[in-house]
Amino acid sequence: MEGAETVAAKWRTIPVREVITNQQGETMSRKLVLVFAVIGVIAAGCAKTAPPQDVAADKAKLQTDALSWFDHFANADSEGLANLYAEDAIVMPPNMPAVSGRPAIKSIFAAQAIALKGAGMSVKPGTVNGSDVSGDLGWISGTYTLQDSTGATIDSGNYMSVHHRTNGVWLYTRDIWNSDRPATPAMPAKHMSAKRK
């Protein structure tokens, strides 16, 4: 067993700087752990949570856009129509190939709107029969009628569109519609050849 003098002598031989560093090192590590724990708690408490989605407002916006589509078409406003669509949207009209991209969509709607207007016909919105949203995706479906200059319905049909919210704006990404009326039967090949003679 060492005497008090021996222990004191050994203690004096440890450099003072080492003792301070060791003691401060232990104290600093405890302080750092405490500081990081406090920062973690504050960060967790301050983390912003996304506000809940207002599904009713999103559905209402999709319905407004669907009705504005008919307004743009009635006015042969192909620019306004095209701006309702995403840059890479696809439109799938009946009885013709799909059209892809905003410039092509603008072109096809310009031609169709002008042709119908020239023939004295107009497309009218019917009822919205379904819509829903989930996050940034949404869809809407409804009906339409095609009327002649007297207001008589000469065709009616359905539409279905898929939308994506981009930078806070709902845009059509897919759009398709079709007639309720039976398709005109194709003329048999033998009649076609007889007709040519």
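I take contact to mean heavy atoms within 4.5 Å. With that in hand, I looked up R102 and found that, apart from neighbours within four places in sequence, R102 is in contact with A82, N83, Y85, A86, E87 and L171. I note at the outset that the model I am reading is predicted.

**Entry 1: overall layout**

I counted the elements of secondary structure and recorded six helices and six strands. I then read along the sequence and wrote down the pattern α-α-α-α-β-β-α-β-β-β-β-α. For the protein of 197 residues, I noted that 26% are buried. I also looked at contacts with a separation of 6 or more, and 48% of them join residues 24 or more positions apart.

I traced the six strands and found an open sheet with the order 2-1-6-5-4-3 and mixed pairing. Strand 2 (99-100) and strand 3 are at the edges, where each has a single partner strand, so one side of each lacks a neighbour in the sheet.

I followed strand 1 (residues 85-92) to strand 6 (residues 169-179); the two run parallel and are joined by four bridges. At one of these positions, I identified I176 in strand 6 as the bridge partner of M92.

I next examined the pairing of strand 3 (residues 122-134) with strand 4 (residues 137-147), which is antiparallel over ten bridges. I recorded L137, in strand 4, as the bridge partner of S134. Two residues lie between the strands of this hairpin, and G135 has a positive phi near 65°.

I then moved to strand 4 and strand 5 (residues 153-166), which pair in the antiparallel sense over eleven bridges. Within strand 5, I found Y159 opposite G142. The hairpin of strand 4 and strand 5 has five residues between the strands, and I noted a positive phi of about 95° at G151 in the turn.

**Entry 2: helices against the sheet**

I checked how helix 3 is placed and found that helix 3 lies across strand 1, strand 3, strand 4, strand 5 and strand 6. Its direction runs at about 160° to strand 3. I made the corresponding check for helix 5, which packs on the sheet and touches strand 1, strand 2, strand 3, strand 4 and strand 6. The direction of helix 5 makes about 50° with that of strand 1.

**Entry 3: helix 5 in detail**

I examined helix 5 (residues 102-118), which has 17 residues. From its first C-alpha to its last, helix 5 reaches 24 Å, close to the 24 Å expected at 1.5 Å a residue.

Which residues of helix 5 are buried? I listed R102, I105, I108, F109, A113 and L116. These residues lie on the same side of helix 5, because they cover an arc of only 130° around the axis. On the other side of helix 5, I found P103, I114 and G118 exposed. Just after helix 5, I recorded a positive phi of about 75° at G120.

**Entry 4: R102 again**

I returned to R102, which lies in helix 5. R102 counts as buried because its relative accessibility is 19%, and the cut-off for buried is under 20%.

**Entry 5: D58**

I located D58 in helix 3 (residues 55-74). Is D58 buried or exposed? With a relative accessibility of 9%, D58 counts as buried.

What does the side chain of D58 make a polar contact with? I found the side chain of R165, at 3.0 Å. Not counting residues up to four places away in sequence, D58 touches Q53, V133, R165 and W170.

**Entry 6: S156**

I placed S156 in strand 5. S156 is buried because its relative accessible area is 16%, below the cut-off of 20%. Setting aside neighbours within four places in sequence, I listed the contacts of S156 as Y144, T145, N178, S179, D180 and R181.

Key: Residues are numbered from 1 along each chain as its sequence is written. This is a predicted model: local features need pLDDT of at least 70, side-chain atom pairs count only at pLDDT 80 or more; totals for chains, interfaces and linings use all residues. Side-chain values use heavy atoms; hydrogens and water are left out. The expected span of a helix is 1.5 Å times one less than its number of residues. Buried means under 20% relative accessible area, exposed over 50%, partly exposed in between (1.4 Å probe, protein chains only). The arc is that of the directions from the helix axis to the C-beta atoms. Two strands pair if DSSP finds at least two bridges between them. A polar contact is a pair of N or O atoms within 3.5 Å; within protein, one must be able to donate a hydrogen and the other to accept it, and residues adjacent in sequence count only if both atoms are side-chain atoms. Axes are lines fitted to C-alpha atoms, for helices over the stretch in contact, and angles run from 0 to 180 degrees between N-to-C directions.
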